[in-house]
Structure formats: C-alpha cells, structure tokens
Amino acid sequence: MIPLGKMLLLFGVLMVCLGLALLVAGHFSGKVPWLGRLPGDIHIQRGSWSVYFPLATCLIISVILTLLFSLFGRR
C-alpha cells in the first residue's frame, strides 16, 4: 500500500503544480500577445464552431523546456 500512497501523493503534487502554472499563464496571457498567435498555429473557423491548435507555440515551449531541463537536470 505504501508505494500506491507515494504515487498518489506525487500525482497530487504534479496536479497542483500544473494548476499553478495554468493560473500564472492565464494571468500573463494578455501581456504576451504573440504567444498563441504564431505563424505555425492552426486556427479553423467554420460557422458556429472553431478549432485551434497552437502547433508552433507548442514546439517553441518544448524546445525551451528541453533546454532548461538539460541545463538544470545535470548531476
């Protein structure tokens, strides 16, 4: 039972961190106008529905996080 408890605790901490990151991103969403509106982002609007997929934004964030983790993750 102890490994299950540790795993659930870790999952809860990760969810809290993700929630905080989303709150911070929502706070800064109007202050970084180019974020989410890059040339590679896909936005389709037809009638009453629309689909938005920020492909270029996801790639840039992935590269930045990869660089940060590789720099600070070394032992």
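Predicted model: local features only at pLDDT ≥ 70, side-chain atom pairs only at ≥ 80, totals over all residues.
Local features need pLDDT of at least 70 and side-chain atom pairs count only at pLDDT 80 or more, while totals for chains, interfaces and linings use all residues. Residues are numbered from 1 along each chain as its sequence is written, and side-chain values use heavy atoms, leaving out hydrogens and water.

**View 1. Asp41 sits in the loop between α1 (2-27) and β1 (42-46).** Helices (H or I, at least four residues) and strands (E, at least two) are DSSP runs, numbered from the N terminus. Asp41 counts as buried because its relative accessibility is 13%; buried means under 20% relative accessible area, exposed over 50%, and partly exposed in between (1.4 Å probe, protein chains only). Look for its side chain reaching two backbone nitrogens: that of Leu38 at 2.9 Å and that of Leu55 at 3.4 Å. Leaving aside neighbours within four places in sequence, Asp41 is in contact (heavy atoms within 4.5 Å) with residues including Gly36, Tyr52 and Phe53.

**View 2. Phe72 lies in helix α2 (residues 55-72).** Is Phe72 buried or exposed? With 70% relative accessibility, Phe72 counts as exposed.

View 3. A disulfide is a covalent bond between the sulfur atoms of two cysteines. How many disulfides does a search of the whole structure find? The search finds zero, where a disulfide is taken as a pair of cysteine sulfur atoms within 2.5 Å.

How values were computed:
Polar contact = N/O pair within 3.5 Å; in protein donor to acceptor, adjacent residues only side chain to side chain.
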